[in-house]
Amino acid sequence: GNDDDGGDGGSDGGLLGDLRALAPHVAVFARVSPRHKEMVLAALKQAGLATLMCGDGTNDVGALKQADVGVSVVNSPEHEAQSRSAREALERRVSERVLRS
């Protein structure tokens with residue numbers, strides 16, 4: 001098979017079986033294709049485990065829905081600018097207090 005099919009000739013059945021056995025022993029899965037994310041979550045849930053999925057794009061929607069807890073991380077330039085301004089203001093206030101002490 002190719003890199004995307006788990007080496008079993010294109011059948012996700014073999015990969016899902018392997019995941020059922022392996023998934024309960026793995027703490028973090030990273031750099032996984034969207035289809036495989038859903039399969040990992042299904043395997044964990046079939047093993048009776050609670051699942052959390054953190055995703056940052058529309059390709060993660062299926063896995064986010066599959067998880068017991070789905071956390072969507074959205075990149076917002078406006079929010080980042082506000083956070084940066086607030087952090088810089090806080091750093092200035094802390095610096096001023098340290099200098100006065």
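Student: What should I know before reading the model?

Tutor: It's predicted, so to speak, with local features needing pLDDT of at least 70 and side-chain atom pairs counting only at pLDDT 80 or more, while totals for chains, interfaces and linings use all residues. Residues are numbered from 1 along each chain as its sequence is written, and side-chain values use heavy atoms, leaving out hydrogens and water.

Student: Where is M53 found?

Tutor: Strands are DSSP runs of E, at least two residues, and helices are runs of H or I, at least four, both numbered from the N terminus. M53 sits in strand 1, residues 52–55.

Student: Is M53 buried, or is it exposed?

Tutor: Buried means under 20% relative accessible area, exposed over 50%, partly exposed in between (1.4 Å probe, protein chains only). M53 has 10%, so it's buried. L52, at 55%, counts as exposed.

Student: Which residues of strand 1 make up the covered face, and which the uncovered one?

Tutor: M53 and G55 are on the covered face, L52 and C54 on the uncovered one.

Student: What does M53 touch?

Tutor: Contact means heavy atoms within 4.5 Å. Leaving aside residues up to four places away in sequence, M53 touches several residues, including K37, L41, L64 and G70. The C-alpha atoms of M53 and G70 are separated by 4.9 Å, though they're 17 residues apart along the chain.

Student: How many bridges join strand 1 to strand 2?

Tutor: Strands pair if DSSP finds at least two bridges between them. Here there are four, and the strands run parallel, strand 2 being residues 69–72. G55 has S72 as its bridge partner in strand 2.
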